[in-house]
Amino acid sequence: EGTVSEEGERKGGFVQGMSSSLLAAQILMAVWAIVIEGSMQDVRTGGFIDDTNFRAMGPGCVNRVAEAWAETKIFDNLAGLKTNKAKTVYWATSDATEKHLTKALRAMGDQGKGKLSAVRIFVLVGTQITVRGKRNR
């Protein structure tokens, strides 16, 4: 579950209330993006402060997303960061792709109760995105 640190306290992310934390987050997330995009063909990254996202399209996208997730977990572990599972979801633009991605994540031990979940509607940096189905009003 997500927690908010008190000012000057660190709980799996960056120290809250310190301007140097913003610079540290920007540097670390830039390195993460270089690692992911530099080591995986056709995987694109995005982020906002210490929240990251990545995506892949086309043939082989499920394997590339699974590989990017595995690399992200390694990177976060080395950086001393923890995944906020309340904010971590995955999505696909078709039922078939979602099924294959769910299977790949389950094989990695990252899908199921208390783990990552598939969504069709999510919020990314304050914007609601609907990938399949009807949008929330």
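**Notebook: helix packing, salt bridges and core**

I started with the contact between two helices: from α1, Leu28, Val31, Trp32, Val35 and Ile36 meet Ala68, Glu71, Thr72, Phe75 and Ala79 of α2. Contact here means heavy atoms within 4.5 Å. By class I get 8 nonpolar, 1 polar and 1 charged residues in this contact. Nonpolar covers Ala, Val, Leu, Ile, Met, Phe, Trp, Tyr, Cys and Pro; charged covers Asp, Glu, Lys and Arg; the others, Gly among them, are polar.

Note on the source: this is a predicted model, where local features need pLDDT of at least 70 and side-chain atom pairs count only at pLDDT 80 or more, while totals for chains, interfaces and linings use all residues. Residues are numbered from 1 along each chain as its sequence is written, and side-chain values use heavy atoms, with hydrogens and water left out.

**Helix geometry**

Next I looked up how the pair is arranged. Helix α1 (residues 19-39) packs on helix α2 (residues 61-79) at an angle of about 145°, and their axes are 11 Å apart. The axes are lines fitted to C-alpha atoms, for helices over the stretch in contact, and angles run from 0 to 180 degrees between N-to-C directions. The crossing of α1 and α2 is right-handed; that is, the near helix is turned clockwise from the far one by less than a right angle.

**Overall layout**

I counted 3 helices and 6 strands in the protein. Along the sequence they follow the pattern α-β-β-α-β-α-β-β-β. Both kinds are DSSP runs numbered from the N terminus: helices are H or I with at least four residues, strands are E with at least two. Of the 137 residues, 29% count as buried. The cut-offs are under 20% relative accessible area for buried, over 50% for exposed, and partly exposed in between (1.4 Å probe, protein chains only).

**Salt bridges**

How many salt bridges does a search of the whole structure find? It finds 3, each needing a side-chain nitrogen of Lys or Arg within 4 Å of a carboxyl oxygen of Asp or Glu.

Asp51 pairs with Lys87, with the closest N and O atoms 3.0 Å apart. Asp51 sits in strand β2 (residues 51-56) and Lys87 in the loop between α2 and β3 (89-90), so this pair ties together parts 36 residues apart in sequence. Asp51 is partly exposed at 34% relative accessibility, and Lys87 is exposed at 53%.

Arg120 and Asp95 form another salt bridge, 2.8 Å from N to O. Arg120 is in the loop between β4 (117-118) and β5 (121-124), and Asp95 is in helix α3 (residues 95-107), so parts 25 residues apart in sequence are tied together. I have Arg120 as partly exposed, at 39%, and Asp95 as exposed, at 51%.

Glu98 also bridges to Arg120, with the closest N and O atoms 4.0 Å apart. Glu98 lies in helix α3, 22 residues from Arg120. Is Glu98 buried or exposed? Glu98 is buried, with a relative accessible area of 17%. Through shared partners, Asp95, Glu98 and Arg120 join into one network.

**Core**

Last, I checked the largest nonpolar core, which has 18 residues; Ile36, Val43, Leu101 and Leu105 have the most contacts inside it. A core is a set of buried Ala, Val, Leu, Ile, Met, Phe, Trp, Tyr and Cys residues joined through side-chain atoms within 4.5 Å. The elements giving two or more residues to this core are α1, α2 and α3, and α2 supplies the largest share, 7 residues. Leaving out residues up to four places away in sequence, Ile36 touches Val43, Thr45, Ala68, Glu71 and Thr72.
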